[in-house]
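Trainee: I would like to learn how to read the strands and helices of a protein model, one feature at a time. Could we go through an example together?

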Amino acid sequence: MDAPKEVAAGSLRRSLLFVPAIDRKKIEKSAGSGADTVLLDLEDSIAIDAKRDARENAARSLQGPDFEAAELVVRINPLASPYFEEDVSAVVAGGARCLMLPKCESADQLSEAVARIEAAERAAFEAHGGQGEAGVANPDVKQTVRILALVETARGVHSVVDVCASTDRIDGVCFGHVDFSSDMGLASPSVANPVGAHARASLVLGARARQKAAVDTVFLDVRDDEGLEAEAREAASMGFSGKLCIHPRQVAFVNRAFTPDEAAIEYARRILEARDDAEARGVGVFAVDGKMIDAPVIAIQERVMARARRAGVA
């Protein structure tokens, strides 16, 4: 059996920090947070009467030079909301490379969302005179917006494999355990209770089944650093590629949990060096520290080294 691949597209997404798009100061501060991805939020953190201003802020931020070290993603409002069309139109015209779609529940829903995103891409392309990013006339739409699907309901968890297979624009799925807990009628949001733990595991399994990245849910207590790091390390051990953050102070803990440490890097190096020696001798299976090493184990260690390099620690 092949080892799981490093499936996250684009930049390394260990930490994904939510920032309310209405707050210019927080947006500016997030640029120096160390987060791999800054999620400009147009949904839960934005009051109804502030939706328009937040949308305009997000579009301006996408065009600014302040986020060279971080990927910018916009969480738009759900497809069923009255704000979806305006959100998509504004941020795609603003140059959005990736959108987080909330309340993802089915392949049909994703297909409809993609159709509307494509329409916005065409409109933005035509508004620029049919020119690509380099300013050269091109008959094809150059901007192809990627998608992070936010799964927040029982139906969404149940359908995660179909959601992941619905469009090749999907980079990965993210778990929203607070809304999931509400949908389930649970007394409090938690990934520790059996239902929350099952949903969390189901999401990462479903995503990996379709070779998509899985991003773990938020940790609500911003003062509990030890609890955050423990939950993040658990998520990494489960196969998640990153974790959603709700406060800048969480970023460093999450980045550390999803970055191979010195021991992991040294072990990976030993395995890969032993592999090179075995290949030179024409041997396919060998032992290190008394443990059998074959192709799937090698592939895992290759992924460790690749992730370490992308994080700048190897």
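Predicted model: local features only at pLDDT ≥ 70, side-chain atom pairs only at ≥ 80, totals over all residues.

Trainee: How many bridges join strand β3 to β4, and do the two strands run parallel or antiparallel?

Mentor: As a general idea, strands of a sheet pair through backbone hydrogen bonds, either parallel or antiparallel. Here strand β3, residues 71–75, is joined to β4 by 2 bridges, and the two run parallel. To find the place by eye, look for R75, which stands opposite M100 in β4.

Trainee: Which strand does β4 pair with through 4 bridges?

Mentor: Strand β4, residues 98–101, is joined to β5 by 4 bridges, again with the strands running parallel. You can follow this pairing from C98, whose bridge partner in β5 is R146.

Trainee: What joins β5 to strand β6, and which residue of β6 does V151 stand opposite?

Mentor: There are 5 bridges between β5 and strand β6, residues 170–175, and these strands run parallel. Within that pairing, V151 stands opposite F175 of β6.

Trainee: Is strand β5 mostly covered or mostly open?

Mentor: Strand β5, which spans residues 146–151, is mostly covered, since 5 of its 6 residues are buried.

Trainee: What do the strands form when they are taken as a whole?

Mentor: They form a closed barrel of 8 strands, which you can trace in the order β1-β2-β3-β4-β5-β6-β7-β8, with parallel pairing. From one strand to the next, the twist averages 25°.

Trainee: How should I describe two helices that pack together, such as α3 and α4?

Mentor: Two packed helices are described by the angle between their axes and the distance between the axes. In this model, helix α3 (residues 84–93) and helix α4 (residues 107–127) pack at an angle of about 45°, and their axes are 9 Å apart. Because of that angle, α3 counts as oblique to α4, and the crossing of the two is right-handed. The contact involves F84, E85, V88, S89, V92 and A93 of α3, together with A113, R116, I117, A120, E121 and A124 of α4. Sorted by kind, the residues of this contact divide into 8 nonpolar, 1 polar and 3 charged.

Trainee: Where is S61 placed, and why does S61 count as buried?

Mentor: S61 lies in helix α2, residues 51–63. Buried means under 20% relative accessible area, and S61 counts as buried because its relative accessibility is 4%. Compare sequence with space as well: S61 and A96 are 35 residues apart in sequence, while their C-alpha atoms are 9.8 Å apart.

Note on methods: Residues numbered from 1 in each chain as written. Heavy atoms only, no water. Buried < 20%, exposed > 50% of the residue type's maximum accessible area, 1.4 Å probe, protein only. Pairing = 2+ DSSP bridges. Axes fitted to C-alpha atoms, helices over the stretch in contact; angles between N-to-C directions. Parallel < 35°, antiparallel > 145°, perpendicular 65-115°, else oblique. Left-handed = near helix turned anticlockwise from the far one by under 90°. Contact = heavy atoms within 4.5 Å. Nonpolar A, V, L, I, M, F, W, Y, C, P; charged D, E, K, R; others polar.
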